[in-house]
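Subject: Structure handover and notes

Hello,

Please find the sequence and structure below. My notes on what was found follow after them.

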Amino acid sequence: MPPILLRRKSWSGQVVGQRKDGSTFPGWLNINIVEPVEGVLNDTNTTYVGVLTDIAEKQEAEQKLHHLAYFDTLTQIPNRYSFMLRLEADIHLASRQSSALALLFIDLDNFKWTNDSFGHEAGDLLLIEIANRLKARLRKSDTVYRIGGDEFTVIVSSYMDNDSLVQLAEDLVGTIGRTFYVDEHKIKPGASIGISTFPGDAANAHELIKRADSAMFQAKEQGRGQVCFFSSHLEQQRQRDQMIIEGLKEAIQEDELDLHYQPKVMLRPDGFEVIGAEALLRWHRDGEVVSTPDRFIPIAEQSNLICELGYWVIDKSCRQIAEWKEQSLGPLTIAVNLSPRQFKDSQLCDYLDSCLQKYQIQPGELELEITESAVIEDIQGSIKTLTRLQSMGISIAMDDFGTGYSSLGYLKQLPIEVLKIDRSFISTIPNPDDNDAIVKAIFSMANALGLEVVAEGIENQQQLEFLVANNCQVGQGYYFSQPLPVKQFKHWLTAQARPLLSKA
């Protein structure tokens, strides 16, 4: 008899029970001593009463709760909570042993596009496949975690040097990037990876995660599908970028944003006629430039803030078109740049439709400029979006033409009306080199496809004469005017003393 039972008169604990058929089960046994009944003669026997409870279902429920707490329900790999516990423990161990460890922060590229294009079920299947691929590639000493929607981390507890980390990360990028099939759909996934190390980059888990995340964003900025180590310079840059983002959010609320308009003119041998303008975003505070567009727009492009800015520009431009018509300065076309992220935004068409109705915008009065990179990732989806925009009476221009893919095959498929030749080609003409031949070839191709050509960046008379001689229809650049605030644009327009032509 256990001595504790004699002292405490009771005992309880987990045991293994056996059923009649010989099978066993986990049980919980409670034993109590029944004292002899006072007054009963010769009652000197000690009686023990035990109650055995089958706890198999309870244990199974506890195991399920434990699994839910520590593992991701979709991919069945350890979750964020497990990750934090393990990272803290590994850092503590590495600190005691004066060893190093590395953290790889993995973010899938264009995962939202996969969900939007093929549905969330396909996205879930892809996440499961990615988790399995990562587990199969890693060593037993390394562990992969899913810490967010399309974010994974890998703790590398031992490694030889940074080159070995790069090799591992690049292998993971390649593993993730293998083609994946969902039903009849072919998906080409991708990933960007940021790397931080302990104790070189951080002194604790929070800093290590933050810096690996920062390195991952830098990898995306380098073109996606890249691997990047954390650096202090990178961290400072990220902090400055974050200040820009917060400042832009405030600028929208505080009315610090404005549009400048650069004229677009119809080129003719005997002069030019104004047909519209390109709307260009500016950020001023108390009359001073806070940040230039080439600085703040790429930063905004990294987040959905670019969509908010883009919709602000669209609304402001449509309002301006309506005001100019009321002032008998129109009809004028205003061209608005559309970012790749906004082009893929599900609200784009509905928002544009509401603006067109709100300001009574007529066909041809609003033009959207898109880049080749915005449409090339999903040609069929791009064609669908562009066709809908055209049906709403919006003109579509291919911006910066000649600097991207420039495939005649896809260009013939896209429902566009205008090609804008990038300023890098215009800046060197006239000059008997390849650029002149390229520009002439673009004119010839555009003419064959029935597209209007706009040359941007015209700065001198020689460039203008070359373009006119080669039948370029529309020009834009400092030769005519720099981008102007709306009041100055109106004065410039009035000073031209020429009749204004619509695009029709």
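Helix axes in these notes are lines fitted to C-alpha atoms over the stretch in contact, and angles run from 0 to 180 degrees between N-to-C directions. Helices (H or I, at least four residues) and strands (E, at least two) are DSSP runs, numbered from the N terminus. This is a predicted model, in which local features need pLDDT of at least 70 and side-chain atom pairs count only at pLDDT 80 or more, while totals for chains, interfaces and linings use all residues. Residues are numbered from 1 along each chain as its sequence is written, and side-chain values use heavy atoms, with hydrogens and water left out.

Helix packing

Two packed helices are described by the angle between their axes and the distance between the axes. Helix α8 (residues 232-254) packs with α9 at an angle of about 90 degrees, and their axes are 10 Å apart. α8 is therefore roughly perpendicular to α9 (angles under 35 degrees count as roughly parallel, over 145 as roughly antiparallel, 65 to 115 as roughly perpendicular and the rest as oblique). Contact means heavy atoms within 4.5 Å. On the α8 side the contact is made by Gln237, Arg240, Asp241, Ile244, Ile245 and Leu248, and on the α9 side by Arg295, Phe296, Ile299 and Ala300. The residues of this contact of α8 with α9 divide into six nonpolar, one polar and three charged (Ala, Val, Leu, Ile, Met, Phe, Trp, Tyr, Cys and Pro count as nonpolar, Asp, Glu, Lys and Arg as charged, and the others, Gly among them, as polar).

Helix α4 (residues 111-118) packs with α5 at about 135 degrees, with the axes 6 Å apart. These two helices, α4 and α5, are therefore oblique to each other. Phe111, Thr114, Asn115 and Phe118 of α4 meet His120, Ala122, Gly123, Leu126 and Leu127 of α5 in the contact. Here the residues of the contact of α4 with α5 divide into five nonpolar, four polar and no charged.

Helix α5 itself (residues 120-137) has 18 residues. From its first C-alpha to its last, α5 reaches 26 Å, close to the 26 Å expected at 1.5 Å a residue (the expected span is 1.5 Å times one less than the number of residues). Buried residues of α5 are Ala122, Gly123, Leu126, Leu127, Ile130, Ala131, Arg133 and Leu134 (buried means under 20% relative accessible area, exposed over 50%, partly exposed in between, with a 1.4 Å probe and protein chains only).

Aromatic pairs

Rings of Phe, Tyr and Trp (its six-membered ring) pair if their centres lie within 6.5 Å; planes under 30 degrees apart count as stacked, over 60 as edge-to-face and the rest as tilted. By this rule the count comes to 11 aromatic pairs. In one of them, the rings of Trp283 and Phe296 have centres 5.7 Å apart and planes at 85 degrees, so the pair is edge-to-face. Trp283 lies in strand β12 (residues 271-285) and Phe296 in helix α9 (residues 293-301), so the pair ties together parts that are 13 residues apart in sequence. Trp283 and Phe296 are both buried. Tyr479 and Phe480 also form an edge-to-face pair, at 5.3 Å centre to centre and 85 degrees between the planes. Tyr479 is partly exposed, at 31% relative accessibility, whereas Phe480 is buried, at 9%. One aromatic cluster is formed by Tyr261, Trp324, Phe489 and Trp492.

Backbone

Most residues other than glycine have a negative phi, and most peptide bonds are trans. Phe198 and Pro199 are joined by a cis peptide bond, with omega about 5 degrees. Pro199 is placed in the loop between β9 (191-198) and α7 (205-221). Ser98 is not a glycine, yet has a positive phi of about 55 degrees. Ser98 sits in the loop between α3 (80-97) and β4 (101-108) and is exposed, with a relative accessible area of 68%. Asn110, also not a glycine, has a positive phi of about 60 degrees. Asn110 is in the loop between β4 and α4 and is partly exposed at 27% relative accessibility.

Asp213 lies in helix α7 and is partly exposed, with a relative accessible area of 21%. Not counting residues up to four places away in sequence, Asp213 touches Phe105 and Arg238. Asp213 and Asn447 are 234 residues apart in sequence and 48 Å apart in space, C-alpha to C-alpha.

Regards
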